[in-house]
Number of protein chains: 6
Amino acid sequence: MKDRYSAGWEKLKEIDGKAGENLIENLKDIAPDLARYTIEFPFGDILSRPGIDLKSREIATIAALTALGNAAPQLKVHINAALNVGCTKEEIVEIIIQMAVYAGFPAALNGMSAAKEVFKNRNII
Amino acid sequence: MKDRYSAGWEKLKEIDGKAGENLIENLKDIAPDLARYTIEFPFGDILSRPGIDLKSREIATIAALTALGNAAPQLKVHINAALNVGCTKEEIVEIIIQMAVYAGFPAALNGMSAAKEVFKNRNII
Amino acid sequence: MKDRYSAGWEKLKEIDGKAGENLIENLKDIAPDLARYTIEFPFGDILSRPGIDLKSREIATIAALTALGNAAPQLKVHINAALNVGCTKEEIVEIIIQMAVYAGFPAALNGMSAAKEVFKNRNII
Amino acid sequence: MKDRYSAGWEKLKEIDGKAGENLIENLKDIAPDLARYTIEFPFGDILSRPGIDLKSREIATIAALTALGNAAPQLKVHINAALNVGCTKEEIVEIIIQMAVYAGFPAALNGMSAAKEVFKNRNII
Amino acid sequence: MKDRYSAGWEKLKEIDGKAGENLIENLKDIAPDLARYTIEFPFGDILSRPGIDLKSREIATIAALTALGNAAPQLKVHINAALNVGCTKEEIVEIIIQMAVYAGFPAALNGMSAAKEVFKNRNII
Amino acid sequence: MKDRYSAGWEKLKEIDGKAGENLIENLKDIAPDLARYTIEFPFGDILSRPGIDLKSREIATIAALTALGNAAPQLKVHINAALNVGCTKEEIVEIIIQMAVYAGFPAALNGMSAAKEVFKNRNII
């Protein structure tokens, strides 16, 4: 198990160090195994895969979470992550605008609110 | 209106010529305006925007439609489109696998079935 | 129970006689109670309520089922129902087009495919 | 572009003046184009169409957003809009109750909470 | 009507007395009929059915609401309800973890946040 | 990796041998890694966990997939699985009926169609 966990933890720190710590912290008293799975499977197995660059992976994640519209906290984590792995603010805005086509204007408008909050916290807007 | 329509039509042909013709054909007797809007807004306004490359846009679309899981015909159109604008088969597979994380394994497995059907029709599997 | 059931059955026949019979028929060997609940609650309790006309109720149902995008058989039943209670073909098309705004173009396009199938079966397209 | 924008802006003011100003205001520093698209496409192209009255359009929107359950801010805007274009409080309540049938009781209960908040802000409850 | 209402009210009190009172209280000025339907149909008709034990029913409800991800208030009510009818904290955590498989990690993580809030309010974490 | 894979494979065979073979077979030419992940994570990590019995886990899965309504093939696999691990036909029907409350009647009716198909294939209806 160690290898997947270690690889996941490294990937998590590369993408968003604080989110990783918060995840562990918030889950350790209720479901530490879910924290471990989150590190092992999404970060250790999937986001660590070669085959497509990390920036493309974050674009895909922002698109999916904006379209689903039911996971604002995770969307904010991944907007931060996208900025951390080389997406520009403008590219993130483009992807969220595009979701108006596939998931409707309310989904895009709510995704943009999430992005605005992240950009403000990083003082880039 | 002409400019948005023409730009959208050009973009639609660039992405998938046949899907464009089918769209027009299928809607002309019931809702020709919806065909026109589909050309003008998604293709003319959005997918024609600069700011992020078309390959990234198709990655975002495949991610969103796989995650939503309620639009198999459009997902197939955009898997074709992704191949047309430079995504490799392997990159498309990567994005669909990644959706297991954000929308669950059933969404990813059904997205993969759609991809397999497209790849078979293009004789690339 | 009888009153709710009778009222629901009358409303179901008013809206779509055949769909009612099919519902009973399809469920009688596996879940006859679900058939009964469907007659009693949606038709007996809700669609029989005064306060808003039946045409508006069918508009709301078409909008909801097109937006949710996960219930094609029921969407077709209610497109038929809408025609039965006085909606025109053009009004149904309008509502489905409008869903492109709130649930995205794929939802609207798939809703339109359902409408086209219903219109064809009724020879009105 | 001007005509669609102007028509959309007029329609937006007819439906909900303040929401229009807020939309522009909130998006102008992050994605002014999304504000423009929201005015042009939903309001300029779609809600301005003839073929069905504006009250029916707002009924459809309330139904869709209550059923989807992932866009509380937009649902509140459109409950206000429905009141502005002639829906009564009672009719809005009817449509939201009806969503218990198509999207489940939690969706209907959460839609009703949104309606209650709007009605309170307008001092009509 | 009385029998279904009485049966539903008894079931509601068995499952969660306070939630029942709050439901009635919150809806009585805007949609008392929706309160009545909620008591009659979900609690009177469905959750009162024999055929499967109440604990299994609450497991099913927690699974569904975690997967749908659009009804946090109702999810919390039913996490409380599950504890009231004999589920352990550990079993609830198991079901929510399992949803990572079927609806994705964000849905599971947000479900766990809801559970944590409930467990804290009951001082069991 | 072997241990998780082996444990997952054993669990998959316990739950549904044929579905396991089909999964591998269908994915081996397009995304063998997704087949491996499906065995390792859902079956090896999650469904193999102690803490709640396998029958309760299948009840949760049927509830979630019926409510989501976008994964008919997987729903059928898990209705079979539920029968394999000790759920009765009647219990499965109960859980699907219950989803009318949380996800609406169309979701429940479509879930019941899936169940009917499975029951017919097993000659138990």
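A polar contact here is a pair of N or O atoms within 3.5 Å; within protein, one must be able to donate a hydrogen and the other to accept it, and residues adjacent in sequence count only if both atoms are side-chain atoms. By that rule, chain B and chain A share 10 residue pairs in polar contact, with both residues at pLDDT 80 or more. The model is predicted.

**Chain B and chain A**

- Chain B puts 30 residues into the contact, and chain A puts in 30 residues.
- Of the interface residues of chain B, 100% are also interface residues in chain A, so the copies meet through the same surface.
- The two chains bury about 2,600 Å² between them, and carbon and sulfur atoms give 71% of that area. On the side of chain B, the residues that lose the most area to chain A are B:E94, B:Q98 and B:Y102, which together make up 24% of what that side buries.
- Four salt bridges are counted between chain B and chain A. A salt bridge joins the side chains of B:R49 and A:E94, at 2.7 Å from N to O.
- On the side of chain B that touches chain A, α2 (32-46), α3 (54-68) and α5 (89-103) of chain B each supply at least two residues. Sorted by class, that side has 21 nonpolar, five polar and four charged residues.

**Chain C and chain F**

- Chain C is superposed on chain F by a turn of 120° and a shift of 0.0 Å along the axis, with an RMSD of 0.0 Å. This is the relation of a three-fold axis. The C-alpha of chain C nearest that axis belongs to C:N70 and is 3.5 Å from it.
- The contact involves 17 residues of chain C and 15 residues of chain F.
- About 1,300 Å² is buried between chain C and chain F, 73% of it on carbon and sulfur atoms.
- C:D29 and F:K116 form a salt bridge, their closest N and O atoms being 3.2 Å apart.
- Four residue pairs are in polar contact between chain C and chain F, both residues at pLDDT 80 or more. On the side of chain C that touches chain F, two or more residues come from each of α1 (2-27), α2 (32-46) and α4 (72-84) of chain C. Among the elements of that side, α2(C) gives the most, with five residues. The residues of that side divide into 11 nonpolar, four polar and two charged.

**Salt bridges**

- Over all chains the count comes to 78 salt bridges.
- B:D29 and C:K116 meet through their side chains in a salt bridge of 3.2 Å, N to O. This pair crosses between chains, from the loop between α1 (2-27) and α2 of chain B to helix α6 (residues 105-121) of chain C. B:D29 is partly exposed at a relative accessible area of 41%, whereas C:K116 is buried at 13%.
- C:D33 and C:R36 form a salt bridge of 3.8 Å, N to O. Both residues lie in helix α2 of chain C, three residues apart, about one turn of the helix. C:D33 is partly exposed at 27% relative accessible area, and C:R36 is partly exposed at 27%.
- E:E117 and E:K76 are joined by a salt bridge of 3.2 Å, N to O. The pair links distant parts of the chain, 41 residues apart, with E:E117 in helix α6 (residues 105-121) and E:K76 in helix α4 (residues 72-84) of chain E. Both ends are partly exposed, E:E117 at 41% relative accessibility and E:K76 at a relative accessible area of 25%.
- A network of salt bridges links A:R4, A:D33, A:R36, A:E40, A:D45, E:E94, F:R49 and F:R57.

**Backbone angles**

- Most residues other than glycine have a negative phi.
- A:N123 is not a glycine but has a positive phi of about 55°. A:N123 lies in the segment after α6 (105-121) of chain A and counts as exposed at 68% relative accessibility.
- B:N123, also a residue other than glycine, has a positive phi near 55°. B:N123 is placed in the segment after α6 (105-121) of chain B and counts as exposed at 68% relative accessibility.

Definitions and conventions: Residues numbered from 1 in each chain as written. Chains lettered and ligands numbered in written order. Predicted model: local features only at pLDDT ≥ 70, side-chain atom pairs only at ≥ 80, totals over all residues. Heavy atoms only, no water. Least-squares fit on C-alpha atoms with pLDDT ≥ 70 in both. Contact = heavy atoms within 4.5 Å. Buried area = accessible area lost by both parts, 1.4 Å probe. Helix = DSSP H or I, 4+ residues; strand = E, 2+ residues; numbered from the N terminus. Nonpolar A, V, L, I, M, F, W, Y, C, P; charged D, E, K, R; others polar. Buried < 20%, exposed > 50% of the residue type's maximum accessible area, 1.4 Å probe, protein only.
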